[in-house]
Structure formats: C-alpha cells, structure tokens
Amino acid sequence: MTAIPPPFRADGRVAAITGGARGIGLAAGALLVTMGARVVLMDRDVAAAVDAAAGIGEGARGIGLDVTDEASVVAAFRSVMETEGRLDILVNNAGRAIRRASLDLDLADWDAVVAVNMTGAFLCARAAAAAMIAGGRGGSIVNTASIMGLSGGGLYPNISYQTTKGAIVNMTRALGVEWAGHGIRVNAVAPTWTRTGFIGELEQNPELMERIRAVTPLGRLAEPEEVAYAIAFLASPAAAMITGTTLAVDGGFLAQ
Ligand SMILES: NC(=O)c1ccc[n+]([C@@H]2O[C@H](COP(=O)([O-])OP(=O)(O)OC[C@H]3O[C@@H](n4cnc5c(N)ncnc54)[C@H](O)[C@@H]3O)[C@@H](O)[C@H]2O)c1
C-alpha cells in the first residue's frame, strides 16, 4: 500500500471530536486514528462514545460531554489535557435538528437547537482554543456546518437548523480571523444529506429521498466517510494555508 504523504498524517496529534459516538463524528475519529492521531470521542451518549472508541481500538477513547452545559464542556476539555497532555484538533460536530414549520416552532424548541448547534459549538471552540493556546503549538478546529447554513433549503421547513448552521459559517470566519495569530486555523465542512441516524426519520419517506437525489447534481446522498475525508483534510497540515473557510461536501447542491 502507498504510504500517506506526511502533510496528510496526524502522528503525535490529539483530536477531540464532539458528537463523536456515531455518524460523521465517529467516521472522522476512525480516519484520524488511521492518520496517526490519538482521538477522544466526546458525546452526550457516553456509553455509545465508549463503545465507539473500543470499536476503533487503540488510539481512541470515549468520554461524556454535553455541549450545552458550560461546566461539562470545561470538564471534558480539562480531562483531555490531563490524560493526553495536549490538544491539536477539535472536530466541533455535535448537532441536532427539530424540523418544524416556523409558525409551529415554539421557543423551547428553538432554544434547544440554538443551545447545541450554536452556543455549544462556541463553548467547545473556546475551550479547545484555550487549551491550544496554552500548549503553544497552535491547532486546527473543524466545525460541522451544513448546506442548510448556506441555503434556504426548500424541501421542508427547518428554520432553527438553517439559522444555527448559518451562524456556524460566520463563526468559522470570525474565529479563523481572531485566532490566526495563535496559529489556530478554523474551518468548516458543509455536508449535504448524509447517511447517518440524523436523517433516519427522513429516510422513511421514499418520495422525499427521491427529491433529495433530484436536487443533488451527483444524484445521491453522502456517506459519513466522505464528509470525514474533508474534515481530516482541513484538520491536517495539508490545509496549513486554509482558514476561515467552509468546504461544501454536497454533490454540487450549492453550485446550482
Ligand atoms: N447527517 C446529515 O444529513 C447531516 C448533514 C449536514 C450536517 N450534519 C451535521 O453533522 C453533525 C453530525 O451529525 P450526524 O449526521 O453524524 O448525526 P448523528 O445523529 O449520527 O450524530 C450526532 C451526535 O451528536 C451527539 N449530540 C447531540 N447533542 C449533543 C450534546 N448536547 N452534547 C454532546 N453530544 C451531542 C449525539 O448523541 C450523536 O452521537 C451535526 O452537526 C449535523 O448537524 C449532518
């Protein structure tokens, strides 16, 4: 097998992945371990995070984290620093959706989505950057946005998700600029519909699935591994000159 070129490797690096127990986060964790990193899968579902890490094997470990709870975020990143001694990569990926028409979306549901997708992402980025700055080696943060952060959607209403993922796109720009002087790059991926439990409910609707394929130039959904490849690239030294940007992994959806 051909060796991975050095800029695409992550030897000696430590990566924290929020929402790492399954789906895109888990795929990114498994890939980063293959690239040589040690990975901490962080998830509200701690049992699933521990199991997922065991499935990856040596180089991965699972811990509990609720991104909506500031004390939990502080404790989780402190635990990473205590056990791993450094933090180089954050895959800022935990997310949720409450897909409901705007006029029917009550404040509690709006707040619940904002708490995970926007405030939670900020709290984790802040905690990770503090650890990276203390380490003095810089680092790389990759946020998981969405095509819904760069478009108004159209197939079904999803206002809290679209708003918060749009916020991630601009948070990525602003933190990329703010932390560049510390050697911390901040980028995002914007995946299209990706085959994880996140869209399990949508997959029950064959007509909707057909419409999704029809609005996607490449004519299919993404696999979590395909999003992980983009995350790993942005996290790696191969992307050393890239910061503040959002990379669509969308089969051409946003190009239309
Ligand atoms: N699957 C898609 O179609 C798709 C498309 C675009 C963007 N995304 C984004 O990708 C990211 C990952 O989604 P996925 O598809 O892998 O979904 P998933 O449901 O498979 O995984 C999401 C993980 O986040 C965890 N999580 C939720 N709330 C949390 C909290 N408060 N604290 C800590 N962990 C929490 C869940 O327990 C779960 O393990 C999300 O940000 C999602 O918005 C997904």
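This is a predicted model: local features need pLDDT of at least 70, side-chain atom pairs count only at pLDDT 80 or more; totals for chains, interfaces and linings use all residues.
1. Geometry of the helix pair. Two packed helices are described by the angle between their axes and the distance between the axes. Helix H4, covering residues 107-135, packs against helix H5, covering residues 159-179, at an angle of about 15 degrees, and their axes lie 9 Å apart. Angles under 35 degrees count as roughly parallel, and H4 and H5 are therefore roughly parallel to each other. The crossing in which H4 passes H5 is right-handed.

2. Residues in the contact. On the H4 side, the contact includes Trp110, Val113, Met118, Phe122 and Arg126.

3. The largest pocket. The volume of the largest pocket is about 860 Å³. Its lining is made up of 37 residues, and those closest to the pocket centre are Asn93, Ala94, Gly95, Arg96 and Phe198. Helix H1 (23-34) and H5 are the elements that give two or more residues to this lining. H1 gives the most, with three residues. The lining divides into 16 nonpolar, 13 polar and eight charged residues.

4. The second largest pocket. For the second largest pocket, the volume is about 200 Å³. Among its 15 lining residues, Arg13, Arg137, Gly138, Gly139 and Ser140 lie nearest the centre. The classes represented in this lining are four nonpolar, five polar and six charged residues.

Definitions and conventions. Residues are numbered from 1 along each chain as its sequence is written. Side-chain values use heavy atoms; hydrogens and water are left out. Axes are lines fitted to C-alpha atoms, for helices over the stretch in contact, and angles run from 0 to 180 degrees between N-to-C directions. Helices (H or I, at least four residues) and strands (E, at least two) are DSSP runs, numbered from the N terminus. Angles under 35 degrees count as roughly parallel, over 145 as roughly antiparallel, 65 to 115 as roughly perpendicular and the rest as oblique. A crossing is left-handed if the near helix is turned anticlockwise from the far one by less than a right angle, and right-handed if clockwise. Contact means heavy atoms within 4.5 Å. On a 1 Å grid over the protein atoms alone, a cavity is a set of points where a 1.4 Å probe fits but cannot get out, and a pocket is an open set with protein on both sides within 12 Å along at least five of seven lines; lining residues have an atom within 4 Å of a point. Grid points are joined across faces, edges and corners, and a volume is the space filled by probe spheres set on the points. Ala, Val, Leu, Ile, Met, Phe, Trp, Tyr, Cys and Pro count as nonpolar, Asp, Glu, Lys and Arg as charged, and the others, Gly among them, as polar.
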